[in-house]
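Visitor: I'm new here and like to know what the words stand on. Could you show me the structure and let me ask about the terms?

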Amino acid sequence: MSASHVAPLTALLLLSGCAVSIPIQPTPPQIERPIAPVETAGRAFAAACKDWDDWDKPAPPVRVHGNTYYVGTCGISAILVTDKSGHILIDGATEAGAEVIAGNIQRLGFNLSDVKYLLHSHEHLDHVGGIARLQHLTGAQLVASPAAATVFKTGTTDPADPQAGMHPPFRAARVDRIIRDGEMVRVGDTALFAIETPGHTPGALTWRWGSCDGGVCRQIVYADSLSAVSRDTFRFTDHPSLVAAFRGSFQRVASLECDILLTPHPSASDLLNRFAGRAPLSDPEVCRAYAKAQSDMLDQRLAKEAAAK
């Protein structure tokens with residue numbers, strides 16, 4: 001209809017007494033924006049954590065992918081996996097780091113009381129020293145491997161641990177469930193699977209799960225430390241069963257379906273550069289590369305011990 005016809009038509013309608021109903025356009029649906037997306041929060045993490053090996057230095061939380069968030073410190077990882085039925089937290093850093101973790105969970109808008117399970121990587125002070133504090137703050141159940149459960153109950157490193165005596169004791173925590181290789185921890189539609197990866201400690205665990213963001217799904221692996229680190233007097237050459245355990249753990253991690261790798265020490269998986277966008281966050285070869293690098297380090301350590309004889 002041309003503009004010249006609009007005015008006469010309007011006058012005619014008014015004179016006829018007809019009510020004119022003009023439909024109101026509905027408000028366009030609002031797209032929910034993710035909290036702390038890696039594209040922006042990852043860069044904030046990289047900026048805050050230049051000296052990122054500091055165990056207790058606060059770091060901003062980062063949404064890694066889908067329902068998976070980094071909530072740890074600059075130097076020590078803690079991973080929150082969320083579900084509408086509750087959440088799962090892996091690792092608790094030190095007691096000071098536990099406060100950072102709790103604050104980051106709340107900063108993301110989640111309630112601490114909705115954390116249903118606490119899991120662990122390996123049973124050293126820098127990764128589980130804050131578990132008792134987080135257990136108190138959340139009321140969550142602690143799930144532990146058999147060897148790690150003994151350490152949690154005493155707060156003292158296992159004498160069989162290559163690093164026994166290197167760290168002070170930490171506050172003991174209540175173990176609610178023992179988990180073994182291949183078993184699952186589930187909350188709602190979210191399931192995490194335990195993989196025993198002994199070597200760094202007797203009770204070390206790696207975790208794997210799937211996470212989707214819209215139609216993009218990724219397999220995420222929180223691979224435990226596989227580094228052959230020990231006290232000065234310890235010789236891996238004198239412990240062939242431990243070396244064999246390491247070899248088995250390398251193979252298990254290398255064989256996992258794995259798109260996104262996370263590690264208890266973020267530096268071990270180059271997380272700063274990957275969060276900052278300077279390296280790919282998702283890489284189907286990343287777990288194999290990680291296992292190969294750790295295997296090479298063990299070989300170097302064994303060669304050094306042999307040369308020192």
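Visitor: Which residue of β4 does I79 stand opposite?
Guide: I79 faces I90 there. This is a predicted model, where local features need pLDDT of at least 70, side-chain atom pairs count only at pLDDT 80 or more, and totals for chains, interfaces and linings use all residues. Residues are numbered from 1 along each chain as its sequence is written, and side-chain values use heavy atoms, with hydrogens and water left out.

Visitor: What makes β3 and β4 a pair?
Guide: Pairing takes at least two bridges found by DSSP between two strands (strands being DSSP runs of E, at least two residues). Five bridges join β3 (residues 79-83) to β4 (residues 86-90), so they pair, and they run antiparallel.

Visitor: Why are β1 and β7 said to stand at the edges?
Guide: The open sheet has seven strands in the order β1-β2-β3-β4-β5-β6-β7, with mixed pairing. β1 (62-65) and β7 (177-178) each have a single partner strand, so one side of each is left without a neighbour in the sheet.

Visitor: How do you know whether T68 is buried or exposed?
Guide: Buried means under 20% relative accessible area, exposed over 50%, partly exposed in between (1.4 Å probe, protein chains only). T68, found in strand β2, has 0%, so T68 is buried.

Visitor: What is T68 in contact with, beyond its neighbours within four places in sequence?
Guide: Contact means heavy atoms within 4.5 Å. The partners of T68 include V62, I79, W209 and S211. T68 and S211 are 143 residues apart in sequence, yet 7.1 Å apart in space, C-alpha to C-alpha.

Conventions:
Helices (H or I, at least four residues) and strands (E, at least two) are DSSP runs, numbered from the N terminus.
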